[in-house]
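Hi there,

Here is the structure I promised to pass on to you. Have a look at it first, and then read my notes below.

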Amino acid sequence: MSFDSLGLPAALLTAARALGFESPTPIQSAAIPVVLGGADLRACAQTGSGKTAAYGLPVLQRLIEGNAGRFGAARTRGPYALVLVPTRELALQVGTVLRDLARHLPQRLRIHVVFGGESINPQMMGLRGGADLVVATPGRLIDLVEHRALALSEVHTLVLDEADRLLDLGFAEELQRVLGLLPARRQNLLFSATYSPAVVRLAEGLLHRPVVIEIAQTPETVPDIAQRAIAVDTTRRTALLRHLIETHEWSRVLVFVATQYAAELVAEKLYRQGVYATAFHGGLSQGARTRVLDEFKDERWEVVVATDLSARGIDISDLPVVVNYDLPRAVADYVHRIGRTGRAGESGLAVSFVTAPTAAHWRLIAKRQRLDIPLETLEGFEPTEEAVPASPVPGAEDGNGGIKGKRPSKKDRLRAAAAEDAKRREADGSAVPDLRTRS
Ligand code: AMP
C-alpha cells in the first residue's frame, strides 16, 4: 500500500516523504482512513510501530478542514486538537513529529508542547496567541487551565497516546479531570501498547462506538530484535557490561537500571573505566536531558544509563543495543525497553542480565512474553551467587531491581508509595534536583 491511497492531501504526503516515510506502516494504513472518517478509534500499537504519524497525519488534516473558515482573522483561541502523553520526552518527540508533518501545510498551525519540570510562565506566554493543537502531559495541562492560559472547550479531537503508561504513572484522576473539561461531542483516539483491565475500562468510558485496530504481530511488524539473557552475579554486572561493549565494539548502548541512583552509579563506574557513559533520568533538568539525548544521537556518548520513566519516548534511530542491567519491574516494560532498539525496520539486540535474586522474575518475563531464549553463561562471568529471597525494596541497587510479587510489610508499602509519588513527579517533571552531566 502507498500513502497516496489513504486520502491525505499533497502537503502532508510531501512532509511524510521528507521524513523518509516511503510507505505506511500497518498501523498507519489501518488508522489513517478511520481517523479521517471521523470515527473514534481504539488501537493496540506497539512502541516503534509508527503510531505518531498514524494519528498525526489525519488529525492535522481534519484540523485544517474543520477550521478552514477560522484561519485568518476569525481564528479563535483553540486548541481544537489535544494529544495527552505520559512523559515530557514523549511530548517533545510527538511535538517535533507533528511540526515536521505540518511543515508544508498552507496554513501555519499553532502547535504547542507543554509539560512539567519547567517554569510555567514561558508556556503561558507561548499560549497567549492561542493554539490549534496542544501536546501535553496531564498535570501541566491542568495547571495551565487553572491559570486560564488555556481552555479546552473547543477541542474536537482528543488523542491519548500510550494510554497504558498514563494509567501506570497514576494519571487516572488527572485524565478524568481533563475529560470533564472537554466538549461532549468530539473524536477520541486511544493508543496503547498493552490493554490491562484499567485501560479497557478507560476505553469503555471514553470511546463512542470505536473502530478497534489490533495489528497482529506478524513477522513484518515484529521488529528485528535479537534477544539474549546472560546469567551473572549482581556485583559483576558492570564488568560484564564493559566486557560486552569492548568485545562486540558496541558503539551506542542504552542501559536500563531501576533507580536514578543506580543510573548515576553505573555511569560513573563505566566512565572511570574509560567508557564514555552518562546517566539519564528525571533528576536531571530538562535542559540537561535534552543535551544528553542530542549528544547520544551525535555519538558523543557510547553508553547512556537510564531509568525506565525518563527513557519513555526516546526515539534514536540506529540504536543497536539495549541492555537490561536491572530487569524491568513490570513485565510489560520489557517490551517498551527492547522497543527502543530495532526501530523503523532496523535490526537490534536486547541483552538482559539475570542474577540469582532476579532469576524467578526473569522466568516470569520470559513466560509472559513467550520468549524462548537460553540463559547464557559467559566464560569469566560464571555466576556464584546463591538464589536469595527477593529484596522488597523497589529498585534496590545491587539488589533485585525491584521485583513485584513478595508480600510487602507496612514499611515497604510506605516506601513503595513514596517511590510511586517520586515516579509520578519524575514523569510529569515536578522533581528537578541539580543538573549533573559531564562535558
Ligand atoms: P513511532 O511509533 O511513532 O514512535 O515511530 C517509530 C519510528 O518509526 C520513528 O523513528 C518514525 O520516524 C518511524 N516511522 C514512522 N512511520 C514510518 C514510515 N511510514 N516509514 C518509515 N519509518 C517510519
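**What I found**

Aspartate 308 is buried, with a relative accessible area of 18%; buried means under 20% relative accessible area, exposed means over 50%, and partly exposed is in between (1.4 Å probe, protein chains only). Before going on, please note that this is a predicted model, in which local features need pLDDT of at least 70 and side-chain atom pairs count only at pLDDT 80 or more, while totals for chains, interfaces and linings use all residues. Residues are numbered from 1 along each chain as its sequence is written, and side-chain values use heavy atoms, with hydrogens and water left out.

Back to aspartate 308, which is found in helix α13 (residues 308–311). Helices (H or I, at least four residues) and strands (E, at least two) are DSSP runs, numbered from the N terminus. Which side chain does the side chain of aspartate 308 make a polar contact with? The partner is the side chain of arginine 337, at 2.8 Å. A polar contact is a pair of N or O atoms within 3.5 Å; within protein, one must be able to donate a hydrogen and the other to accept it, and residues adjacent in sequence count only if both atoms are side-chain atoms. Leaving aside neighbours within four places in sequence, aspartate 308 is in contact (heavy atoms within 4.5 Å) with Phe256, Val257, Asp333 and Arg337.

**The chain as a whole**

The protein chain has 16 helices and 14 strands. Of its 439 residues, 54% are buried. Among contacts between residues at least 6 apart in sequence, 77% join residues at least 24 apart. The chain exposes about 19100 Å², and carbon and sulfur atoms supply 51% of that area; accessible areas come from the Shrake-Rupley method with a 1.4 Å probe, and for residues only the protein chains shown count as cover.

**The sheet with β10 and β14**

Seven strands form an open sheet with parallel pairing, in the order β10-β11-β9-β12-β13-β8-β14. Two strands pair if DSSP finds at least two bridges between them. β10 and β14 (375–376) stand at the edges with a single partner strand each, so one side of each is left without a neighbour in the sheet. Helix α10 (residues 237–248) packs on this sheet, touching β8 (224–231), β9 (253–257), β11, β12 and β13, and its direction makes about 155° with that of β13. For such angles, axes are lines fitted to C-alpha atoms, for helices over the stretch in contact, and the angles run from 0 to 180 degrees between N-to-C directions.

Now look at strand β10 (residues 277–280). Ala277 and Ala279 point one way from it, Thr278 and Phe280 point the other way, and all are buried. Four bridges join β10 to the parallel strand β11 (residues 303–307), and threonine 278 stands opposite valine 304 in β11. Together with helix α12 (residues 286–297), β10 and β11 make a right-handed β-α-β unit. A crossover is right-handed if, with the strands pointing away from the viewer, the path from the first strand over the helix to the second runs clockwise.

Elsewhere in the sheet, β12 (residues 321–324) and β13 (residues 347–354) pair in the parallel sense over four bridges. Valine 322 has alanine 350 in β13 as its bridge partner.

**The sheet with β3 and β7**

Seven strands also form an open sheet in the order β3-β4-β2-β5-β6-β1-β7, again with parallel pairing. Here β3 (111–114) and β7 (211–214) stand at the edges, each with a single partner strand, so one side of each is left without a neighbour in the sheet. The twist averages 10° from one strand to the next. Four bridges join β2 (residues 81–84) to β4 (residues 133–136), and leucine 84 has alanine 136 in β4 as its bridge partner.

Helix α3 (residues 51–66) contains lysine 51 and lies across β2, β3, β4, β5 (157–160) and β6, running at about 170° to β6. Is lysine 51 buried or exposed? Lysine 51 is buried, with a relative accessible area of 8%. Its side chain makes a polar contact with the side chain of aspartate 161 (3.0 Å).

Enjoy exploring!
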